[in-house]
Amino acid sequence: MLKVHQLAVHAGSFALENISFEVPTGACFSLMGPSGSGKTTLMEALCGLRHVDSGTIHLSDRTITDMRPGDRNIALVPQDNALFPHLTIRQHLSFGPQIRRWSKTDTRNRCNELAEQLGLTQLLDRYPAKLSGGEAKRVALGRALASRPDLLCLDEALTGLDDGTHNEVLSALQQTISDHSVTTLHITHNRKEAQALACSIIEMDQLRSQPSQIIT
Ligand SMILES: Nc1ncnc2c1ncn2[C@@H]1O[C@H](COP(=O)(O)OP(=O)(O)OP(=O)(O)O)[C@@H](O)[C@H]1O
């Protein structure tokens, strides 16, 4: 369960206030709204990348409001993937488990499992520069899921892909989210994408004007 209670956060002169919502574990919801309505600001606050003025964030029975980003067990896939140019795909998929000190066997097994699920097995020894757009996106998704996050955040992660690649990545994403039962927050401007992926669509304006939302 992700539970946000009366959150207030600001970015320069822009402010979000009194934001409350709950998302059950394993649900996927899309956050939509006009440019500048605060979607990324809210996601950054959840991830610990933006200071929270007041209110609380609970995730999987922990209060994470003031935790360091690395301790929250939240994974973020940004639009540009932010892959590491000097690491192979195998190293990307092993990155999270290694920094969380998983055993070598568990790390290797997790890497192989994700590579299989995301169709990356033949690419494990490649570097990001040699990947197509769809492959790079699947690596970013695999890296995000590797250490089993409690929350997966997708910030316009499918924006900018050509139609064929968009459809390919969307179906990989649908399958992976369902296989992993991971609670997912998906920011997009693409309503069709939101309808295909999410069990609920929530509008930023609605979130800002209504006192509390239960998202199912
Ligand atoms: N570091 C910052 N300093 C000042 N203002 C900021 C900063 N970051 C964001 N803002 C402002 O906060 C407001 C909300 O921005 P945010 O990026 O959260 O919107 P958004 O809904 O994600 O937009 P988009 O759909 O275009 O990505 C905007 O007016 C933006 O200019």
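This is a predicted model: local features need pLDDT of at least 70, side-chain atom pairs count only at pLDDT 80 or more; totals for chains, interfaces and linings use all residues.

Now widen the selection to the two strands. Strand β1 covers residues 2–11 and strand β4 covers residues 52–59, and they pair in the antiparallel sense over 6 bridges. While you have strands on screen, here's a handy rule: in a regular strand the side chains alternate between the two faces of the sheet.

Next, follow β4 along to its other partner. Which way do β4 and β5 run, parallel or antiparallel? They run antiparallel, and 2 bridges join β4 to strand β5, residues 62–63.

Time for the ligand. Show the residues that surround it: Ala 11, Gly 12, Phe 14, Gly 33, Ser 35, Gly 36, Ser 37, Gly 38, Lys 39, Thr 40 and Thr 41. What kinds of residues make up this shell? There are 2 nonpolar, 8 polar and 1 charged. Then colour helix α1, residues 39–47: this helix gives the most to the shell, with 3 residues.

On to another helix. Select α2, residues 89–99, and find Ser 94 in it. Is Ser 94 buried or exposed? Ser 94 counts as buried because it has 23 C-beta neighbours inside 10 Å, and the cut-off for buried is 20 or more. Leaving aside neighbours within four places in sequence, Ser 94 is in contact with Thr 107 and Cys 111. Try the distance tool too: the C-alpha atoms of Ser 94 and Asp 106 are separated by 9.7 Å, and these two residues are 12 apart along the chain.

Finally, zoom out. The protein has 7 helices and 10 strands. Its radius of gyration is 17 Å, close to the 17 Å that the globule rule gives for 216 residues, so the protein is as compact as a globular protein of that length. Along its principal axes, the C-alpha trace spans about 50 × 40 × 30 Å. Of the 216 residues, 37% count as buried.

One last stop: colour by confidence. The average pLDDT of the protein is 92, and 97% of the residues score at least 70. The model's scores are ipTM 0.96 and pTM 0.91.

Terms used. Residues are numbered from 1 along each chain as its sequence is written. pLDDT is the predictor's confidence in each residue, from 0 to 100. A residue is near a molecule or strand if its C-beta atom, placed from the backbone, lies within 6 Å of it. Helices (H or I, at least four residues) and strands (E, at least two) are DSSP runs, numbered from the N terminus. Ala, Val, Leu, Ile, Met, Phe, Trp, Tyr, Cys and Pro count as nonpolar, Asp, Glu, Lys and Arg as charged, and the others, Gly among them, as polar. The radius of gyration is taken over C-alpha atoms; the globule rule is 2.2 Å times the number of residues to the power 0.38. A residue is buried if 20 or more other C-beta atoms lie within 10 Å of its own, exposed if 12 or fewer, and partly exposed in between; C-beta atoms are placed from the backbone. Two strands pair if DSSP finds at least two bridges between them. Two residues are in contact if their C-beta atoms, placed from the backbone, lie within 7 Å.
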